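Here is a short briefing to read with the model open beside you. Take it topic by topic, and look up each residue as you go.

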Amino acid sequence: CGLIFGAPSLLASAATPQTAQANAALRYLYSQVGTDGSIAGAMGATEDAIISVADNGYDPATLKSASSRTSAYDYLSGKASTITTAGGAAKYVLAWLAAGKPAAIDGSTLLTKLNTVTTSGGYLESNGAFHNASATVETANAYSQSLAVLADVGASQALPAHATGWLTCAQRSDGGFGYAIDDSLSTPPASCGDTASDTNDTGIILQALGQAGITSADSAAEGYLHSVQQSDGGFGFNAGGGSDPDSDAIVIQALVAIGQDPTGSAWTVSGGGNPLSNMESFADPQGSGGYVFPGNTTPDAFTTSAVPEALALTPYAAATTIVAGSSPPAAPVTTAT
């Protein structure tokens with residue numbers, strides 16, 4: 001067995017009642033590995049698939065193309081030099097950590113760059129915000145800042161001063177968080193949120209703060225999430241849209257990160273639905289194991305890549321134990337009666 005690096009207090013259990021559904025979704029992702037080793041030809045989907053495999057206790061090294069036998073590791077290792085954003089560097093580091101720090105996708109260089117100041121070619125501003133190391137510096141945002149915090153915590157790297165402060169100050173008056181963060185000051189002010197709240201950015205920030213041991217934003221954020229929970233028990237990107245599996249997944253992981261049970265009474269609506277049951281409702285009715293985004297007629301790897309890690313009831317890229325050489329079991333054989 002190997003240990004995925006992360007917050008030990010969030011160590012995942014070996015199995016959940018959703019294990020069968022998670023295995024089906026993982027089998028779908030294995031079927032989607034391209035000849036270059038990627039999932040859908042994309043870094044993000046490939047990294048999320050690796051994390052999902054690991055969060056369910058399997059070895060991401062087995063995530064390979066059925067035809068070429070090229071692995072997801074092979075694909076990511078060849079793309080490391082193309083990363084130009086703080087968020088991209090952090091997510092690569094998280095995939096590296098989730099896979100047990102394999103030499104095949106060594107993320108140590110990107111971890112160092114993530115914590116190097118931008119004036120020296122890194123992604124860290126002197127005020128603790130993570131930015132692109134380029135002539136056109138990105139504005140601080142929930143995605144990059146949260147993933148960078150998660151990567152540092154997972155790698156047992158000391159967090160830069162104010163790194164979490166730029167997350168807590170981004171909380172809006174409704175308790176939620178939005179994408180953009182105004183980090184123009186030298187230290188985080190009382191309020192720095194620059195855009196309206198949404199469930200996805202609220203979810204990733206809660207996970208980053210949770211793994212950093214910060215709970216001050218939890219109560220108000222829970223209030224926001226309750227206010228935008230749909231009548232089917234699920235979540236959309238915001239209150240104005242219907243539920244979707246990706247928003248369900250990030251909220252499920254956020255709730256677990258702050259010690260909430262996404263299947264408990266607090267998150268079960270009058271009709272009996274909850275975030276987990278709603279997410280499962282998007283499983284491909286044709287039995288592929290993939291998940292279908294609303295408005296689409298078939299499953300896709302982008303939508304499915306984040307689902308198995310949520311089905312495992314673990315926060316994003318949290319610590320768990322993987323079995324070397326293991327992969328999801330074959331689908332059970334059914335016989336006609």
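Predicted model: local features only at pLDDT ≥ 70, side-chain atom pairs only at ≥ 80, totals over all residues.

The structure holds one salt bridge, and its largest nonpolar core has 78 residues.

**Helix α3 and its buried face**

- Helix α3 runs over residues 72-79, and its buried residues are A72, Y73, Y75 and L76.
- Viewed down the helix axis, these buried residues of α3 fall within an arc of 160°, so they line one face of the helix.
- The cover over the buried residues of α3 includes α2 (43-55) and α4 (86-98).
- At the start of α3, the backbone nitrogen of Y73 has a side-chain oxygen of S71 within 3.3 Å.

- Side chains of opposite charge can pair when their charged atoms come close.
- Here the partners are K91 and D48, with 3.2 Å between the closest N and O atoms.
- The pair links distant parts of the chain, since K91 belongs to helix α4 and D48 to helix α2, 43 residues apart.
- K91 counts as buried because its relative accessibility is 9%, under the 20% cut-off.
- D48 is buried as well, with a relative accessible area of 10%.

**The nonpolar cores**

- Within the largest nonpolar core, the residues with the most contacts are I50, L63, L76, L94, L114 and L225.
- Helix α4 gives the most to this core, contributing 10 residues.
- Setting aside neighbours within four places in sequence, L94 is in contact with I51, L147, L150, A151, Y316 and A317.
- Another core lies apart from the largest one; it has 11 residues, among them A25, A249, L276 and Y291.

- Q211 sits in helix α8, which spans residues 199-211.
- Is Q211 buried or exposed? With 9% relative accessibility, Q211 counts as buried.
- A polar atom of the Q211 side chain lies 3.4 Å from the backbone oxygen of Y316.

How values were computed
Residues numbered from 1 in each chain as written. Heavy atoms only, no water. Buried < 20%, exposed > 50% of the residue type's maximum accessible area, 1.4 Å probe, protein only. Helix = DSSP H or I, 4+ residues; strand = E, 2+ residues; numbered from the N terminus. Arc of directions from axis to C-beta. Contact = heavy atoms within 4.5 Å. Polar contact = N/O pair within 3.5 Å; in protein donor to acceptor, adjacent residues only side chain to side chain. Salt bridge = Lys/Arg side-chain N within 4 Å of Asp/Glu carboxyl O. Core = buried A, V, L, I, M, F, W, Y, C linked by side-chain atoms within 4.5 Å.
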